[in-house]
Every structure is written in structure tokens, then in C-alpha cells.
Amino acid sequence: MPRLPMSRSGRRPLLVALAILLVGAILDIALRQAGAADRTPVDLTLVLAVDCSYSVDDEEFRLQMDGLARAFRTPEVVEALRSGPRGVIAVVLVQWSGVGAQSVAVPWRSVANAADAFALAAEIAAAPRLTNGGSTSISSAIDAGVALILSSPYRGSRATIDVSGDGDNNNGAPPDLSRDRAVALGLTVNGLAILNDVFYLDKYYENHVVGGPGHFVITTDDYLDFAGAIRLKLLREIVWPTS
């Protein structure tokens, strides 16, 4: 866990910690209220948060969409859907860049078999770029993921925000705070760090972005290898834990 910066008075860590607890408590109440509603139970609610900031050109954007689509068509991912007690997950795709620039490209979909997975893959492959450039606000991407899980028509036994990107946070609040709020709700934040622009991005993700039960970071050197990396990431997220 990163250490909070100290002010001369020594009060800043306490104030930040209290703020995290307060926001977490508010979100926890909202989550419990949402859970009381008529929501469909699934093994996993999964938010796919894809970087569409200025550092991502149109070819790199398309490699991300095509890579995700290819991953959901693989036999390994289709088989993983059946690993949980219910044999179904729910997925939503959001594109993100700076503060206030998060767009749902594919709304919540339940995925239980090959037909569902192929239908989702087709939607992802056809998704246009809705967030065209902007700064990199990982914190806002995580916050958007939390909001999507809170408002989801599905209730997951596990809930994961899957953040992929090629840069560190340069807009909005520090991602640590958003990560900590998500973790306080019992959510997991995982990362796929694309190292073509920032060679240390995997360490940055480990220290400032990921958290929660079973969290991890996967890396890829370039967008050309995105498809293979996201397939491995999806398998780790979807397969039901055995311990």
C-alpha cells in the first residue's frame, strides 16, 4: 500500500484516510441497497476499461478492440465461463481518457456459453471509438467502473474492474484513492500495462492502480501483443478460484 504524503501539521494522512472511509461507507450503503433490488446473480461482474487517451492512436485502439474480441472467441475463455457455480458472468465495456470522458461502448451483457461469447465479441469488434483523445485519468476510469458495478442489473459473487492502458495518471485525483475506495467495497482492480511509452508502467500499476482480492498486473510490450495478454488476463479473472 502506498504511503500517504505528510503535511507539516501531520494531519493530511488522517484527513485523507477519513475521506476514503466516508466515501467508502456511502458507496457501501449504495451497494447494499442496489443488492436488495431484483438483480440477476452471476459468478462475476467484469468491467473492461480500455484506454482511449491521446497516447492511443486509431490503429492501437482497433488492436485493443480486436484483441478483446479474439479473446472472447477462444475455446479457453469459453470454457472458463463454466468454471463458476452458476456458469455465467456479466461484462460491460467502457472507453476512458480524462476526467469526465468515460463512455460505455458495450452495455452489460450476460455471457454463459460460446454463442454469448461470440455475440459479445462481435459487439466489441464493431464498437466505434467514443472517447476520442484526452488526458489519462486512471482514477476516473476506476470510479466509472465502480459506478457501473453499483448500477449493474447483475449481482456478481465477485466484481472486477479490468483497467488497460499505456500511461500513468496525469489528470484528476490520484488513482490510489479511487483504488482504495473500490477495494473498501470488496471489488478487485486488475491492470494490463502496455509498456510501449512508459517502461515502468507495470510498477506504477502495482503501486497505484491494482488492489483487492486476487489482484494482479499483466504486461505487454506493445499493442501488437495485446490480444495474447488480454486473453491471459481474462482467463485469470473469469476462472472460478479454487482456494
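A residue counts as buried when its relative accessible area is under 20%. By that criterion, Pro 175, Asp 176, Ser 178, Arg 179, Asp 180, Arg 181 and Ala 182 of helix H6 are buried. Because 7 of the 10 residues of H6 are buried, the helix is largely enclosed by the rest of the structure. The model is a predicted one, and these values are computed from it.

The chain as a whole gives the setting for this helix. Its secondary structure consists of 8 helices and 6 strands, which follow one another from the N terminus as α-β-α-α-β-β-α-α-β-α-β-α-β-α. Of its 243 residues, 51% are buried. The accessible surface is about 11,000 Å², and carbon and sulfur atoms account for 56% of that area. If contacts between residues at least 6 apart in sequence are taken, 80% of them join residues at least 24 apart.

The strands come next. An open sheet of 6 strands is arranged in the order S3-S2-S1-S4-S5-S6, and the pairing is mixed. The edges are taken by strand S3 (102-111) and strand S6 (217-220); each has a single partner strand, so one side of each lacks a neighbour in the sheet. From one strand to the next the twist averages 15°.

Strand S2 shows both kinds of pairing. With strand S1 (residues 40-51), strand S2 (residues 89-96) runs parallel, and 8 bridges join the two. S2 and S3 form a hairpin with 5 residues between them, and in the turn Gly 100 has a positive phi of about 80°.

How are the side chains of S2 placed? In general, side chains in a regular strand alternate between the two faces of the sheet. In S2, Ile 89, Val 91, Leu 93 and Gln 95 point one way, while Ala 90, Val 92, Val 94 and Trp 96 point the other way, and all are buried. The strand is thus mostly covered, with 8 of its 8 residues buried.

Helix H5 (residues 138-150) lies across S1, S2, S3, strand S4 (154-165) and strand S5 (188-194), and runs at about 160° to S4. Helix H8 (residues 226-238) also packs on the sheet, where it touches S1, S2, S4, S5 and S6. The direction of H8 makes about 155° with that of S4.

Two packed helices are described by the angle between their axes and the distance between the axes. For helix H6 (residues 175-184) and helix H7 (residues 201-208), the axes come within 9 Å and cross at roughly 50°. That angle makes H6 oblique to H7. Pro 175, Asp 176 and Arg 179 of H6 make the contact with Tyr 204, Asn 207 and His 208 of H7. By type, the residues of this contact divide into 2 nonpolar, 2 polar and 2 charged. Pro 175, Asp 176 and Arg 179 are also among the buried residues of H6. Just after H6, Gly 186 takes a positive phi of about 90°.

Technical notes:
Residues are numbered from 1 along each chain as its sequence is written. This is a predicted model: local features need pLDDT of at least 70, side-chain atom pairs count only at pLDDT 80 or more; totals for chains, interfaces and linings use all residues. Side-chain values use heavy atoms; hydrogens and water are left out. Axes are lines fitted to C-alpha atoms, for helices over the stretch in contact, and angles run from 0 to 180 degrees between N-to-C directions. Helices (H or I, at least four residues) and strands (E, at least two) are DSSP runs, numbered from the N terminus. Angles under 35 degrees count as roughly parallel, over 145 as roughly antiparallel, 65 to 115 as roughly perpendicular and the rest as oblique. Contact means heavy atoms within 4.5 Å. Ala, Val, Leu, Ile, Met, Phe, Trp, Tyr, Cys and Pro count as nonpolar, Asp, Glu, Lys and Arg as charged, and the others, Gly among them, as polar. Two strands pair if DSSP finds at least two bridges between them. Buried means under 20% relative accessible area, exposed over 50%, partly exposed in between (1.4 Å probe, protein chains only). Accessible areas come from the Shrake-Rupley method with a 1.4 Å probe; for residues, only the protein chains shown count as cover.
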